[in-house]
Protein chains: 2
Amino acid sequence: MKEIFERRSIRKYTDQPIPDEHVEKLLMAAMAAPSAGNQQPWEFVIIRDRKILEGITKFHPYSQMLKEAQLAIVVCADLDREKHVGYWQQDCAAATQNLLLEAQYLGIGAVWLGIYPREERVNGIKTLLGLPERVIPMAVISIGYPAENKGPSDRYDKTRVHINKWEF
Amino acid sequence: MKEIFERRSIRKYTDQPIPDEHVEKLLMAAMAAPSAGNQQPWEFVIIRDRKILEGITKFHPYSQMLKEAQLAIVVCADLDREKHVGYWQQDCAAATQNLLLEAQYLGIGAVWLGIYPREERVNGIKTLLGLPERVIPMAVISIGYPAENKGPSDRYDKTRVHINKWEF
């Protein structure tokens, strides 16, 4: 599917705003993800406030593109929603990947910035956004219309594929 | 994108075999996922051997559909490939979600079975497949052509969306 194979991390953006209905589509895609026992542990914070976007760049070392981004979406887990303890990272990562692919489908550029498990980043986001203790920010997605062109990256590596057992 | 919104967990399969080139497409999609610093920590084991598929059902409580599946793909992380320690679960979950969406695109049914962090399942798979100590199985994907029809599930929940801060 071309969205999967053509998606790349986009860190340069135009100043064209992203319409709210497209942001909603990104969130709908994220929430369509599978999760352990369908527990849907996720919560999302849309950041359009420039001061908050810049606040992130003060403690996250790889987040300078947020200064030019139209918005960011913070993907969080509410640990109180976990029925199957220990699966929230996988659930939220599946939701994040859906969001990135829907962005690609809509012609929107995005990049996944890691937060959890780096303690200083988790605490930085928690303080900046006023998250309750039980809510863990996993990732920040920086979003805007692309101002850079990247071709597909072929990452397929046959040596990573094993048949029936590890060795044969 | 319709693959995202129409994908459901498929647990009943026909006896039609899945061609190798489609299995390869699933793996190509998985490996096209983003990962922390592009570290690509993943390894995959394709299981078509019926005895091994049935072996999984002996220790995994929600895996009975493997008895009818055409194959399974075990998504693993090789911890020696982690440059950014602590992100392998998120990386492998993004790869898994790509795999599930590519399956949907190809008309193939699949369901994500959780392995990590349940110790008895991790150890069961490690023993069955002969995985080295450093390789952690995260999930098993059960795969076959669908013998059940499920409509899309609308999981969108506006109360999970926050603007700029948790509360305002």
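Start with burial in chain A. Color its 168 residues by burial: 49% of them count as buried. Keep in mind that this is a predicted model.

Stay on chain A and switch to a cartoon. You will find five helices and five strands. Trace them along the sequence, and the pattern reads α-α-β-α-β-α-β-α-β-β. The radius of gyration of chain A is 17 Å, close to the 15 Å from the globule rule for 168 residues, so chain A is as compact as a globular protein of that length.

Along the principal axes they fill a box of roughly 55 × 40 × 30 Å. Next, look at the contacts inside chain A. Take those between residues at least 6 apart in sequence: 79% of them join residues at least 24 apart.

Bring in chain B. Select the contacts between the chains: 55 residues of chain B meet 55 residues of chain A. Which elements of chain B each supply at least two residues to the side that touches chain A? Select α1 (2-6), α2 (20-31), β1 (42-47), α4 (88-105), β3 (109-114) and β5 (161-163) of chain B. Highlight α4(B), which gives the most to that side, with 11 residues. Then color this side of chain B by class: 32 residues are nonpolar, 13 polar and 10 charged.

Select β5 of chain A, residues 161-163, together with β1(B). The two strands pair in the parallel sense, over three bridges. Zoom in on A:Ile163. Its bridge partner in β1(B) is B:Ile46.

Key. Residues are numbered from 1 along each chain as its sequence is written. Chains are lettered from A and ligands numbered from 1 in the order in which they are written. This is a predicted model: local features need pLDDT of at least 70, side-chain atom pairs count only at pLDDT 80 or more; totals for chains, interfaces and linings use all residues. Two residues are in contact if their C-beta atoms, placed from the backbone, lie within 7 Å. Helices (H or I, at least four residues) and strands (E, at least two) are DSSP runs, numbered from the N terminus. Ala, Val, Leu, Ile, Met, Phe, Trp, Tyr, Cys and Pro count as nonpolar, Asp, Glu, Lys and Arg as charged, and the others, Gly among them, as polar. Two strands pair if DSSP finds at least two bridges between them. The radius of gyration is taken over C-alpha atoms; the globule rule is 2.2 Å times the number of residues to the power 0.38. A residue is buried if 20 or more other C-beta atoms lie within 10 Å of its own, exposed if 12 or fewer, and partly exposed in between; C-beta atoms are placed from the backbone.
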